[in-house]
Each structure stands twice: as structure tokens, then as C-alpha cells.
Amino acid sequence: MNQKTHIFRSKQMTKRRVVLIREEPPPSPSTDSANSSNTMRVHVRYGECQRNHAANVGGYAVDGCREFMASNEEEEGTEASLTCAACGCHRNFHRRVVETEEAV
């Protein structure tokens, strides 16, 4: 690397990504059996699409998609699994519904 490139790069603003990994110790065994058997189960699903397709003209219009269906469910974490098969929108445009239940 020549000196000019090194000086040029030092003057530019660079973004840094910081990743914090926190490891929590496993829960200590409790002598109370009632507390140890109660756990909460969280289920997340995505409801109707809330994307405003008329935002660029100053209006409001949604496409009527009622529920998120992944385009490719086999490969979790890919771009296709985050796209809705019905409307073609990203999963973030769909309303997030969190359901919790007590598992005994």
C-alpha cells in the first residue's frame, strides 16, 4: 500500500461494527418445583401487509394481503424466505403478532 492511499483512507470516516456477545449462566436448579415447571412459550407470526403503495403520490393504499407466507420456507434466513409469496413485500411490512402461552 503506498503512502497516498494510506493518508487518504485515514481521512475518511469509517463505520465500525461492534458485536457484543453476552453469555448468561444457565439458571440454577430451583428447589421449588412449581417455578421450574412454568415456562413461557412465545410464538411470532406475521399478519396483514401494511405497506403503503401510494406513498410516492401522497395517498394511502394497501394491497390487501392478509397474512405473510414465505416464498421459500425450506431455506431459513435467505432473501426468499423473507419475501411474501402473496404480495412480494418484505416481511417487515407485515404486522408482527406475538403470542405467549404458559407451557406446563
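Q: Is R45 buried, partly exposed or exposed?
A: The model is predicted, so local features need pLDDT of at least 70 and side-chain atom pairs pLDDT 80 or more, while totals for chains, interfaces and linings use all residues. Residues are numbered from 1 along each chain as its sequence is written, and side-chain values use heavy atoms, with hydrogens and water left out. Buried means under 20% relative accessible area, exposed over 50%, and partly exposed in between (1.4 Å probe, protein chains only). R45 has a relative accessible area of 33%, and therefore counts as partly exposed.

Q: Which residue meets the side chain of R45 in a salt bridge?
A: A salt bridge is a side-chain nitrogen of Lys or Arg within 4 Å of a carboxyl oxygen of Asp or Glu. For R45 the N to O distance is 3.3 Å, and the partner is E99. This pair links distant parts of the chain, 54 residues apart: R45 in strand β1 and, in strand β2 (residues 94-103), E99.

Q: How far apart are the closest N and O atoms of E48 and R95?
A: E48 is partly exposed because its relative accessibility is 22%, and R95 is partly exposed at 33%. The two side chains form a salt bridge, with the closest N and O atoms apart by 2.7 Å.

Q: Which strand holds V42?
A: V42 is exposed because its relative accessibility is 52%. Strands (E, at least two residues) are DSSP runs, as are helices (H or I, at least four), numbered from the N terminus. The run at residues 39-49 contains V42 and is strand β1.

Q: Is C89 buried or exposed?
A: C89 lies in the loop between β1 and β2. The relative accessibility of C89 is 1%, so C89 counts as buried.
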